[in-house]
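Please take a careful look at the structure shown here.

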Amino acid sequence: MKLYSFWRSLATYRVRIAMNLKGLKPDEIVEINLMKGAQREAAFRAVNPMMAIPALVDGDGPAMFESLAIIEYLDETHPNPPLLPKDAKGRARVRGLAQLVAADSHPLIVPRVREYLAHEYKFDEATVMKWAQHWHGAALTALETHLKDKATGKYAHGDSITVADICLASQAAGAGFFKVDLAPFPTFKRVVDNCMANEAFARAHPLKQPGAPASV
Ligand SMILES: N[C@@H](CCC(=O)N[C@@H](CS)C(=O)NCC(=O)O)C(=O)O
């Protein structure tokens with residue numbers, strides 16, 4: 001398997017966690033340096049026309065894109081441990097929590113959006129930071145409310161790790177990057193702390209990847 005990755009990428013973090021949980025290791029990691037705009041170079045555009053990581057090539061391809069689609073592929077091809085509940089309503093809740101992060105919140109704070117705000121609308125660094133913090137807060141508020149449901153256990157859905165936990169962990173790492181205080185979101189924090197006690201999550205963390213700084 002070939003994984004297109006960058007230390008800071010939250011979406012790639014999600015895929016790394018899933019791979020670790022399933023005992024999978026990429027045979028090759030291709031660095032796409034988001035800080036240098038490598039995602040927009042022709043070579044990578046041919047892999048993912050959306051110019052975003054992660055992308056995963058399994059065997060002779062084709063390249064897979066979108067972290068949640070990749071994680072479901074890994075779950076289907078390597079079913080243990082399962083990352084979705086067995087019941088349809090449980091799967092809907094888990095997918096809903098996951099998409100709240102990956103489809104509603106994260107896209108608002110990715111480099112292409114922050115760069116567009118800075119270049120097109122002349123937002124200064126502090127204003128871009130405020131933008132990112134605002135959307136983090138909105139997602140965390142919704143997640144905290146959802147996680148107060150009795151369906152939440154040690155993890156986001158019961159006592160087994162699901163794709164919802166993977167997305168929560170990426171949301172928490174993003175909160176760290178954008179200096180968002182997690183104290184007002186105690187249930188979210190409890191679940192993420194439980195996840196981070198698992199080495200599959202801890203080892204996949206952005207700041208543990210080659211090229212990452214000691215802190216941001
Ligand atoms: N919805 C996508 C998001 C992919 C994405 O936007 N990845 C970011 C890094 S976390 C990226 O490569 N951004 C490049 C850019 O914004 O220019 C997924 O979950 O895979």
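The axes of helix H1 (residues 10-21) and helix H7 (residues 163-177) come within 9 Å and cross at roughly 140 degrees, where axes are lines fitted to C-alpha atoms, for helices over the stretch in contact, and angles run from 0 to 180 degrees between N-to-C directions. This is a predicted model, in which local features need pLDDT of at least 70 and side-chain atom pairs count only at pLDDT 80 or more, while totals for chains, interfaces and linings use all residues. Residues are numbered from 1 along each chain as its sequence is written, and side-chain values use heavy atoms, with hydrogens and water left out.

**H1 against H7**

- The angle makes H1 oblique to H7, given that angles under 35 degrees count as roughly parallel, over 145 as roughly antiparallel, 65 to 115 as roughly perpendicular and the rest as oblique.
- On the H1 side the contact (heavy atoms within 4.5 Å) is made by Leu10, Tyr13, Arg14, Ile17, Ala18 and Leu21, and on the H7 side by Ile166, Cys167, Ala169, Ser170, Ala173, Gly174 and Phe177.
- The residues of this contact divide into 10 nonpolar, two polar and one charged, where Ala, Val, Leu, Ile, Met, Phe, Trp, Tyr, Cys and Pro count as nonpolar, Asp, Glu, Lys and Arg as charged, and the others, Gly among them, as polar.

**H6 against H7**

- Helix H6 (residues 125-147) packs with H7 at an angle of about 145 degrees, and their axes are 10 Å apart.
- From H6, Met129, His136, Ala139, Leu140, Leu143 and Leu147 meet Leu168, Gln171, Gly174, Ala175 and Phe177 in H7.
- The residues of the contact of H6 with H7 comprise eight nonpolar, three polar and no charged.

**Methionine 1**

- Methionine 1 lies in the segment before strand S1 (2-5), and methionine 1 is buried, with a relative accessible area of 15% (buried means under 20%, exposed over 50%, partly exposed in between, with a 1.4 Å probe and protein chains only).
- Leaving aside residues up to four places away in sequence, methionine 1 touches Met19, Leu24, Pro26, Asp27, Glu28, Leu56, Val57, Asp58, Leu74 and His78.

**The buried side of H8**

- In helix H8 (residues 186-196), the buried residues are Thr187, Phe188, Val191, Val192 and Cys195.
- These residues cover an arc of only 130 degrees around the axis, which puts them on the same side of H8.
- The cover over the buried residues of H8 includes H6, H7 and helix H9 (199-202).

How values were computed: Helices (H or I, at least four residues) and strands (E, at least two) are DSSP runs, numbered from the N terminus. The arc is that of the directions from the helix axis to the C-beta atoms.
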